[in-house]
Amino acid sequence: MSERLLEFQAVTKRFGGVTALDSFSMHLDKGEILGLIGPNGSGKTTSFNLLTGIYPKTGGSIHFDDRDISSMSAREVYETGIVRTFQRSRLCLPLSIYDNIMVGDTSRLPKGLWSNLVRRRAFRRQYEETFKVARDLVATFSGNLADRMLDPVGALPMIERRRIEICRALISGPRLLLLDEPSAGMTHDETNQLMSDILDVRARGEGLSIIIVEHEMGVIERITDRCVVLSYGKKIAEGTYAEIACDKEVQNAYLGVD
Amino acid sequence: MDLGLIAQYLANGIMLGTMYALVAVGFTLFFGVLDVIKFSHGDVLMLGTFAGFTVWLGLQAAGIVNPWLQLVIILIASMAFTAAIGAMIAKWLVLPLKKAPPLNTLLLTLMLGTAIREAVRLFYPNGSNPKAFPALLPSASIDLGGFLLRADSVILVAAGLSLIAGLNLVLNRTRLGLAIRAVAQDEETARTMGINYMLVVLATFAIGSGVAAFAGIMNGLYYSEINFGMGLLLGLIGFSAAIVGGLGNLYGAILGGFIFAGLQVVGAALLPFASAYKDVFAFAVVIAIMAWKPTGLIPERTSDRV
Amino acid sequence: MSDIAIDAPARPKGLLPGAATILAVSVYGWALLTAEEDWQVIGLLVLAAAVGLVGKLAGLGPKVLASWSSNEATMNGGAVLGLLAVIFALSTQHFPLLMLTTTLLYFIASLGLNIQFGYTGMVNFAGAAFFGAGAYTAAVLGGYAWIPPLLTILAGGVVAMVLSLLLVYPIVRTTGHYAAVVTIAFGVLFKTFLEVNEILGGPQGLMVESMKLPGWDFNNGPVLFGVEMSFYLNYALFATALVALIFCLVRRLERSWLGLHMDAVRLDETAAACFGISVHRTKILAFLSGNFILGIAGALYGMMISFIAPASFTFSDSLLMVSIVLLGGMGSPWGGALAAAIVVLLPEKLQVLQEYRFLLFSVLVMLVLLFRPDGLLPRQIRNYFPGREGGK
């Protein structure tokens with residue numbers, strides 16, 4: 001009944017002499033929420049960077065929806081419907097909330113000089129439509145933010161920036177969302193609120209799959225269907241949160257026992 | 001082509017290569033500790049050379065005419081002066097912009113270079129005209145089968161190479177060198193290990209600038225002429241050399257310096273019909289190298305953490 | 001619901017603050033352009049500084065901004081009218097008109113550089129070379145009488161763009177410092193090439209034919225109401241039209257998805273690429289369109305001064321153009337207008353400064369970078385359709 005959405009096959013990444021990811025295989029089903037966990041430096045963010053085409057792979061292959069996306073550029077990966085957030089928030093701080101969200105919606109926007117510079121009436125229509133869509137999306141996360149769509153992001157606190165980053169990722173209606181430590185820099189309550197909002201958005205649409213990298217185990221326990229545990233670039237365990245939580249090897253990896 | 005001519009080109013290339021390496025080393029050092037490019041480096045070099053020239057005029061006036069003594073004094077004076085300028089630039093102009101976008105540092109040092117160049121042109125007595133630099137080295141030469149090996153060239157190259165070797169020793173064998181390498185590797189960690197960050201940065205800028213002054217004096221002795229615009233060209237070449245070799249790497253800078261000199265010499269040898277186009281050729285090669293290897297032959301470590 | 005400017009506490013939507021500014025700037029510009037004695041010029045500069053200071057203390061800036069952006073079309077039209085009024089007030093005087101037109105052309109050049117520096121975050125230290133490419137194109141094509149001069153101006157832009165094509169590959173592959181070297185090397189190469197190339201006149205340079213439209217030779221002073229005007233009046237009017245056109249296009253570019261892409265590429269290339277923005281395409285667009293604008297400005301400049309030489313297109317001149325962008329404020333078109341006026345007029349009006357201009361402006365830019373990195377008229381946050389509440 002469940003269909004494969006994403007498949008890592010023996011994906012390897014070496015930086016110079018350091019093996020950041022060692023023959024890593026995993027999969028994700030459609031509509032699933034997968035937790036990718038492991039100690040610092042175990043290769044979680046590297047997996048995201050390989051998946052989104054930021055780094056070239058050393059070996060292995062990645063399939064998304066039966067397409068080989070192994071050698072795609074970041075832009076092509078985005079066009080298949082994979083979006084992400086970043087561990088350290090990477091918003092355009094001098095730009096408005098609306099602008100930041102629209103950065104995530106380029107697939108729908110015309111890119112030609114003619115349509116951008118000359119056909120201003122059509123441009124205006126696009127602007128008004130997208131503004132409404134963006135504001136509605138932001139409103140699910142915070143009504144206050146939705147009233148300040150033309151304010152610069154740089155003036156906002158961390159929690160609001162996270163929300164905007166997630167809106168930027170969701171605006172294009174992606175099929176797979178990669179969350180890289182969404183709780184970083186936020187309180188426990190804020191994180192929980194954020195997760196509920198993400199789940200709300202997901203419930204409205206059709207089958208958004210999520211991979212989440214997170215250190216806060218409460219979040220992982222609450223929202224994931226399944227977890228994959230990495231340690232030193234290798235997969236050491238896989239299963240539901242309850243299963244991996246009592247796995248000896250996982251406990252050792254976190255406690256640093258060999 | 002006869003052997004004597006080839007030897008002549010070779011000697012020429014070694015001389016230029018040493019000079020470029022000395023300039024390139026500065027770029028690499030600055031980039032190592034602060035991740036910035038100080039575009040005013042070439043003009044600081046020019047300023048140091050003019051300082052040396054001024055000291056020479058003073059010495060002449062004071063009646064100290066022994067060329068060796070003069071040479072030692074102007075070298076010390078110009079290197080010390082330039083080192084101080086380099087440290088001041090680091091403290092007041094480069095470090096304050098550490099948090100600003102890198103483009104701002106780039107622009108600031110470019111503008112600083114222009115300001116120094118213009119200041120010398122406008123305020124140095126008769127500064128817009130080239131100055132005849134004194135020949136302080138013996139002009140004797142040995143004839144090696146059609147090729148004149150000049151004593152001054154040998155001395156210049158030997159001195160330049162020993163300076164580079166000395167710099168290498170300082171970086172690898174002294175506490176200061178260790179501190180510089182530590183800061184280059186990881187600023188945060190170096191700070192927590194009790195390294196005086198500010199001091200290391202200033203020392204690095206002082207050393208790099210001092211070495212450039214040496215290259216400037218060398219340039220003056222070699223061409224017997226200095227002018228206010230010499231720094232722009234030397235700085236551009238030095239930077240290209242540092243990049244060709246790969247920034248942040250001392251050996252890369254040396255390698256780059258010699259590669260660039262080699263290219264120029266080859267260009268001059270192959271374009272005898274129009275030596276005027278020599279510079280056009282050299283810069284076209286710079287652009288081509290950038291297109292081919294956008295981050296140098298030995299690429300710098302990537303620092304863009306995602 | 002939403003503010004237009006970041007720091008606009010007061011929001012009078014009236015026309016008055018903006019209209020008063022246009023009037024004041026026009027009168028001031030006329031006074032500065034016609035001032036002859038050094039003491040008059042210095043007095044006017046002191047006046048400008050005093051008004052600026054008082055205006056800042058009284059919080060006039062946000063009022064003018066709000067008034068301007070609430071009525072942008074009217075205000076921009078008013079600015080053109082103000083400019084035309086100054087031009088006609090000066091219509092018989094050669095030198096002030098020449099300076100005014102030069103300012104306008106440098107303003108156009110700064111708009112081109114702004115696309116690169118301000119929006120896309122790309123460096124270009126060969127601005128004078130692309131400007132010069134336009135001027136030399138005008139000189140060469142002027143020798144063929146059958147080529148319409150209007151086409152020549154366009155050709156100036158096209159030649160600058162073709163030259164940029166040579167650099168596109170290294171430019172998109174490199175970033176930051178490395179890209180800077182490519183353009184610096186090109187700038188030096190270009191000037192050296194002009195100097196050694198005999199066909200293009202060598203160091204002596206070339207004569208440039210004047211601008212002509214059908215039945216209208218720009219080098220003849222037009223006669224209005226029986227008075228013979230300066231022939232520079234033609235160029236001033238033409239430059240005004242060009243400024244209006246290019247300003248409008250650059251504004252639209254900024255307020256379009258392409259402008260958004262440029263900002264995204266400037267602020268975070270990696271994130272931009274992760275959201276499907278083609279970094280290469282955006283950079284190529286910015287580089288080519290910016291240099292096209294520089295080339296057009298250069299072609300008209302060449303026709304106006306009728307004689308060009310390599311010495312006018314040096315690396316220092318490129319830096320002077322960059323100074324305009326930085327002084328005005330990165331990405332701020334109006335800032336470019338103000339800064340172009342300062343950079344062009346100040347050394348011309350105070351002849352003592354002429355020799356020192358490169359020094360003066362390089363130091364000025366260093367101060368701006370250290371103490372006011374957003375420039376004299378900082379860029380405002382993007383508002384695609386100012387004067388309207390967002391999305392309504």
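**The C–B interface and salt bridges in a predicted model**

Across the interface of chain C and chain B, the rule finds 1 salt bridge. The model described here is predicted. In that salt bridge C:Glu355 pairs with B:Arg121, and the closest N and O atoms lie 3.1 Å apart. The elements of chain C that each supply at least two residues of the side touching chain B are α7 (149-173), α8 (176-196), α13 (315-328) and α16 (357-371). Of these, α8(C) gives the largest share of that side, with 13 residues. Sorted by class, the side of chain C that touches chain B has 31 nonpolar, 8 polar and 2 charged residues.

The contact as a whole draws 46 residues from chain B and 41 residues from chain C. Between the two chains an area of about 3,800 Å² is buried, and carbon and sulfur atoms give 81% of this area. Polar contacts across the interface of chain C and chain B amount to 3 residue pairs, with both residues at pLDDT 80 or more.

Turning to chain C itself, its secondary structure comes to 16 helices and 6 strands. The radius of gyration of chain C is 21 Å, close to the 21 Å given by the globule rule for 392 residues, so chain C is as compact as a globular protein of that length. Along the principal axes, the C-alpha atoms of chain C fill a box of roughly 60 × 60 × 40 Å. Buried residues make up 58% of the 392 residues of chain C. Among contacts in chain C between residues at least 6 apart in sequence, 77% join residues at least 24 apart.

Over all chains, the structure holds 34 salt bridges. One of these, in chain A, joins A:Arg4 and A:Asp29, with 3.4 Å between the closest N and O atoms. Since A:Arg4 lies in strand β1 of chain A and A:Asp29 in strand β2 (residues 18-29) of chain A, the pair ties together parts that are 25 residues apart in sequence. A:Arg4 is partly exposed, at 42% relative accessible area, whereas A:Asp29 is buried, at 14%.

In chain B, the side chains of B:Lys98 and B:Glu187 meet in a salt bridge of 2.9 Å, N to O. This pair links distant parts of the chain, 89 residues apart: B:Lys98 is in the loop between α3 (67-94) and α4 (102-123) of chain B, and B:Glu187 is in helix α7 (residues 187-192) of chain B. B:Lys98 is partly exposed, with a relative accessibility of 34%.

C:Glu72 is buried at 14% relative accessible area, and C:Arg255 is buried at 11%. A network of salt bridges also links A:Asp99 with C:Arg251, C:Glu254, C:Asp263, C:Arg266, C:Arg379 and C:Arg382.

Most residues other than glycine have a negative phi. A:Ala10, however, has a positive phi, near 45 degrees. A:Ala10 is found in strand β1 (residues 4-15) of chain A and is partly exposed at 32% relative accessibility. B:Ser224 likewise has a positive phi, near 55 degrees. B:Ser224 lies in the loop between α8 (197-223) and β4 (225-226) of chain B and is partly exposed, with a relative accessible area of 37%.

Key: Residues are numbered from 1 along each chain as its sequence is written. Chains are lettered from A and ligands numbered from 1 in the order in which they are written. This is a predicted model: local features need pLDDT of at least 70, side-chain atom pairs count only at pLDDT 80 or more; totals for chains, interfaces and linings use all residues. Side-chain values use heavy atoms; hydrogens and water are left out. Contact means heavy atoms within 4.5 Å. Buried area is the accessible area (1.4 Å probe) that two parts lose on being put together, summed over both. A salt bridge is a side-chain nitrogen of Lys or Arg within 4 Å of a carboxyl oxygen of Asp or Glu. A polar contact is a pair of N or O atoms within 3.5 Å; within protein, one must be able to donate a hydrogen and the other to accept it, and residues adjacent in sequence count only if both atoms are side-chain atoms. Helices (H or I, at least four residues) and strands (E, at least two) are DSSP runs, numbered from the N terminus. Ala, Val, Leu, Ile, Met, Phe, Trp, Tyr, Cys and Pro count as nonpolar, Asp, Glu, Lys and Arg as charged, and the others, Gly among them, as polar. The radius of gyration is taken over C-alpha atoms; the globule rule is 2.2 Å times the number of residues to the power 0.38. Buried means under 20% relative accessible area, exposed over 50%, partly exposed in between (1.4 Å probe, protein chains only).
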